[in-house]
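Student: Could we go through this structure together? I'd like to know what the labels rest on.
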Amino acid sequence: MQRVWLILGFLCVVGLLSAGVWSYGYRQALSQLSEKAEADLELAADRLSTQLQVYQELAVLMSGHPELRNLNNPVDLAVARALLLEVADKTAAVDVLYADASGRVLAAAHDVVGGNFSGQPAFERAMQGALGSSHGVLPKMGSRIFTYAAPDFAPNGKVLGALIVIADVEGIEQTWRGSTEAVYFVDRTGLVFISNRSELLFWQRTEGQLGLIPPSGERVVFSETRLGSFELWQLGWGPYLPQRALHLSRDLPVIGMTGEVVMDVAPARRLAGLQAATVAAICLAFGALLFLATERRRTLAEANSELEIRVAERTHALTAVNTALRREVHERQEAEAALKHAQEELIQAGKLSALGQMSAGISHELNQPLMAIRQFADNGAAFLSRGRAEKAGENLTRISDMAARMARIIKNLRAFARNESEPMGKVDLVQVIDTAVELTEARLRAESVTMEWHPPETPVYAWGGEVRLVQVFVNLINNAADAMSQQDDRLIRIAINNGKKLTVTVRDIGPGIENTEKLFEPFYTTKAVGSSEGMGLGLSISYGLVQSFGGNIRGSNAGTGAMFTVELEYYREDKVA
């Protein structure tokens with residue numbers, strides 16, 4: 001009988017312990033879910049506010065446009081309508097219009113809201129001299145819209161009219177619709193006006209109520225409980241919304257709404273249940289082992305002693321292995337740090353090597369403007385002594401141009417030669433190649449090398465580091481010039497292909513590549529042993545730099561000469577986040 005009570009007492013203790021573990025684990029999981037839900041809600045709110053701010057600023061900037069002042073004749077009216085249509089098309093606004101102080105619409109891009117805005121909250125606020133905003137449903141199209149109205153002031157401070165911008169909410173929702181958590185925004189009247197769950201749109205919250213009621217007015221399953229600081233909802237709002245959810249809210253006074261999120265707590269409950277079941281299983285297993293050990297302690301005394309010895313030996317062995325692993329990890333970390341340092345020094349050595357090859361031409365590029373400055377200065381002094389100030393001014397202008405040219409050369413050299421690890425980000429590839437061409441221009445001109453480079457009219461943005469990319473293309477241009485040093489005709493072509501893949505090709509008309517397999521190996525070179533032109537590190541350094549940007553570089557023979565293709569990733573905003 002005593003044994004039965006002992007077993008029942010042990011089971012009760014295990015049950016209480018499991019319940020405590022479940023409660024603690026559930027609270028911990030809810031804390032993590034709360035942080036994630038708060039971050040998701042903040043992100044959705046920031047996206048909504050930022051996108052609506054575009055239309056708000058558009059209304060303010062366009063309100064005083066001179067084309068909207070004189071709308072009395074058909075010509076000016078046609079110009080104003082064309083302007084508003086162009087703005088609406090470029091900003092994806094539903095409509096952009098101008099109304100006079102009485103609310104009568106004088107000009108509109110699409111004319112989807114009727115001819116008079118009198119009594120509309122946003123317009124009435126604008127007539128008071130402040131930026132007005134409101135939201136609602138467009139009668140003709142049934143679309144949800146935000147309306148911003150900015151006052152147009154006369155020189156005497158009187159409000160002449162208002163520039164009104166109407167934004168489509170559904171278009172704004174596209175950027176964050178379909179995310180895992182259900183997020184919705186409730187206006188001051190309790191109406192769900194914006195949501196990434198279309199089934200929640202136009203649900204209503206009555207005053208003093210926590211839950212929502214569908215537009216049909218029927219009652220749905222809802223109850224609210226609190227667990228510490230967490231607000232938990234029991235829902236029956238549809239198959240795509242959680243049944244048990246953690247609820248968070250955030251006030252957004254800028255747009256006059258409250259953002260709310262409901263996050264499914266089922267994963268937290270499963271995790272807490274798994275933890276509790278694990279603890280219960282461990283305790284039951286331990287209790288069973290303890291019961292068996294107690295019943296057989298006499299016969300298992302020697303076996304238990306032997307087991308303790310084996311455990312001690314195993315622990316000692318594991319401790320020794322752990323110590324060896326820590327030592328190995330420390331040695332590996334030191335080796336990686338040394339390798340990184342060596343790679344940085346190798347990159348800087350490649351820069352200095354390229355600068356050494358270009359030094360004679362750079363000296364000429366700096367010496368020539370200096371001589372010209374001296375000549376123009378002497379001429380200017382002579383003209384001043386003769387009273388010819390106009391001619392002296394022309395010489396001073398030329399001196400300024402020469403100084404600007406020298407400053408640009410020195411700036412490029414300083415940026416190219418500095419030893420620093422720049423962060424990767426948005427890089428204008430056209431500007432990078434322009435800088436590399438300018439750095440190597442003196443050498444190419446001295447060696448009669450023709451450069452064919454026709455930069456695009458618009459920037460091409462890539463993901464990488466500007467200084468390191470300049471080093472890559474300087475290395476490729478110098479290698480191409482070296483390859484053609486023993487021939488009369490010398491031509492280098494550089495082109496950007498910004499199609500589906502972003503690539504840059506550097507081609508020459510030299511003898512081509514002898515061994516493409518060893519092309520990017522360190523210290524591999526086709527130049528004579530002891531040559532001062534390089535140690536075979538340029539292509540290896542370039543390969544490593546392009547790889548660090550997530551790109552690739554390859555060399556091949558293309559008819560006459562060699563062609564190097566540099567593949568890079570396009571710059572994307574989401575990659576920065």
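Predicted model: local features only at pLDDT ≥ 70, side-chain atom pairs only at ≥ 80, totals over all residues.

Student: What does helix 9 lie across?
Tutor: Helix 9 (residues 466–483) lies across strand 13, strand 15 (491–498), strand 16 (502–508), strand 17 and strand 18. Its direction is at about 25° to strand 16. Axes here are lines fitted to C-alpha atoms, for helices over the stretch in contact, and angles run from 0 to 180 degrees between N-to-C directions.

Student: And what counts as a helix or a strand?
Tutor: Both are DSSP runs, numbered from the N terminus: helices are H or I with at least four residues, strands E with at least two. The protein chain has eleven helices and 18 strands on that basis.

Student: What makes strand 13 and strand 17 edge strands?
Tutor: Two strands pair if DSSP finds at least two bridges between them. The open sheet has five strands in the order 13-15-16-18-17, with mixed pairing. Strand 13 (450–453) and strand 17 (552–557) each pair on one side only, so they are the edges.

Student: How do you know that strand 17 pairs with strand 18?
Tutor: Six bridges join strand 17 to strand 18 (residues 562–568), and the pairing rule asks for at least two, so they pair. The two strands run antiparallel. Asn-557 stands opposite Ala-562, and Ser-556 stands opposite Met-563. Their hairpin has four residues between the strands, and Gly-559 takes a positive phi near 65° there.

Student: Why is helix 8 called oblique to helix 9?
Tutor: Helix 8 (residues 429–446) and helix 9 pack at an angle of about 40°, with their axes 9 Å apart. That angle makes helix 8 oblique to helix 9, because angles under 35 degrees count as roughly parallel, over 145 as roughly antiparallel, 65 to 115 as roughly perpendicular and the rest as oblique. Residues of helix 8 that meet helix 9 include Leu-429, Val-432 and Leu-444; on the helix 9 side, Leu-469, Phe-473 and Ile-477 are among them.

Student: How much of the chain is called buried?
Tutor: Buried residues (under 20% relative accessible area, 1.4 Å probe, protein chains only) make up 38% of the 577 residues in the protein chain.

Conventions. Residues numbered from 1 in each chain as written. Heavy atoms only, no water. Contact = heavy atoms within 4.5 Å. Buried < 20%, exposed > 50% of the residue type's maximum accessible area, 1.4 Å probe, protein only.
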